[in-house]
Amino acid sequence: MEQARKPTARKPSAGKVTASKATARKATASTASEHPRPPVSVATGQGPAGTATVPLDLGSGPLLLPRPSFSPGATLETALQLRCSVRDFSPEPLPLKLVSALLWAGCGINRHASGHRTAPSAHNWQEINVFAVLPEGTYRYEPAGHQLALVDAQDLRALTGQQDFVARAPLNLVCVADFARMLDCPADERSFFAGADAAFVAQNILLACASEGMAAVVRALIDRRRLAAALRLQPSERIALALSIGWPGPSA
């Protein structure tokens, strides 16, 4: 994994600023109005009324996500300029519409007639599932309905990695490969293809985070057996990697 470095868009540099950097900074500034941050308590990471990203209702079935949208000024160039690994996160919960946008960017459906997704996959296996692990619960993302299905109404963030910061990040996304969808692939090559496909999903999410001025890092240091049990995975499913996501913390 690459070493962490500070997001260049949040601190002014001495001397002249290039046009591309100026464009990136303007796009980042617009994020605050597009995805306003709720008031929070640093001690709990939640708002004064127990504000949570997902309004948990155990009896309501899958949660339909808002239509994905991004800051108006965000561009691919902006995202590439700002993309970096950050491991210091604010405890602020993320707006649900922003979580919706990140999940859609990762592996949402962008061609409804065919069901094809934003990230490519070998042979169109679409074997990568994404789990959203939040303080209020863990959910499986279902691209077909752009919705979240509850897996466990507990805070499982600490199980998504072996670094301390994963338990503090308001959102952890776990990419899981389902080998059952890869039956025409030789068994000894499935891990290779699944790893590549999970990386495509992760990079989409990282670029989306960068375009919104967010902190994010992709990780592979995971107790996979323990997390697989917590996520209630099937024997054919394998954890590929995970991402920690949030607003940048004070040292970022």
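Just after helix 5, Arg-232 takes a positive phi of about 60°, in a model that is predicted, in which local features need pLDDT of at least 70, side-chain atom pairs count only at pLDDT 80 or more, and totals for chains, interfaces and linings use all residues. Residues are numbered from 1 along each chain as its sequence is written, and side-chain values rest on heavy atoms, with hydrogens and water left out. Arg-232 is placed in the loop between helix 5 (224-231) and strand 9, where helices (H or I, at least four residues) and strands (E, at least two) are DSSP runs numbered from the N terminus. Arg-232 is exposed, with a relative accessible area of 52%; here buried means under 20% relative accessible area, exposed over 50%, and partly exposed in between (1.4 Å probe, protein chains only). A positive phi of about 60° is also found at His-123, which is not a glycine and which lies in the loop between strand 3 (116-117) and strand 4. His-123 is likewise exposed, at a relative accessible area of 60%. Most residues other than glycine have a negative phi.

In helix 5 itself, the buried residues are Leu-227, Ala-230 and Leu-231. Because they cover an arc of only 95° around the axis, they lie on the same side of helix 5, the arc being that of the directions from the helix axis to the C-beta atoms. On the other side of helix 5, Arg-225 and Ala-229 are exposed. The buried residues of helix 5 pack against strand 4, strand 5, strand 6, strand 7 and strand 9.

The largest nonpolar core has 41 residues, and those with the most contacts inside it are Leu-171, Leu-173, Leu-243 and Ile-245; such a core is a set of buried Ala, Val, Leu, Ile, Met, Phe, Trp, Tyr and Cys residues joined through side-chain atoms within 4.5 Å. At least two residues of this core come from each of helix 3 (96-107), strand 4 (128-134), strand 5 (137-142), strand 7 (171-178), helix 4 (190-211) and strand 9 (237-246), and helix 4 gives the most, with 8 residues. A second, separate core of 14 residues includes Val-133, Val-151, Val-174 and Ile-239. Not counting residues up to four places away in sequence, Ile-245 touches residues including Phe-89, Leu-102, Leu-171, Ile-205 and Met-214, a contact being heavy atoms within 4.5 Å.

The count of aromatic pairs comes to 4, where rings of Phe, Tyr and Trp (its six-membered ring) pair if their centres lie within 6.5 Å, and planes under 30 degrees apart count as stacked, over 60 as edge-to-face and the rest as tilted. The rings of Phe-89 and Phe-165 have centres 6.1 Å apart and planes at 40°, so this pair is tilted. Phe-89 lies in the loop between helix 2 (76-82) and helix 3, and Phe-165 in the loop between strand 6 (147-152) and strand 7, so the pair ties together parts that are 76 residues apart in sequence. Both Phe-89 and Phe-165 are buried. Phe-192 and Phe-193 form an edge-to-face pair, at 5.4 Å centre to centre and 75° between the planes. Phe-192 counts as exposed at 62% relative accessibility, whereas Phe-193 is partly exposed at 24%.

The mean pLDDT of the protein, the predictor's confidence in each residue from 0 to 100, is 84, and 77% of the residues reach 70 or more. pLDDT stays under 50 over residues 4-23 and over residues 25-34. Where pLDDT is low, the predicted coordinates should not be read in detail.
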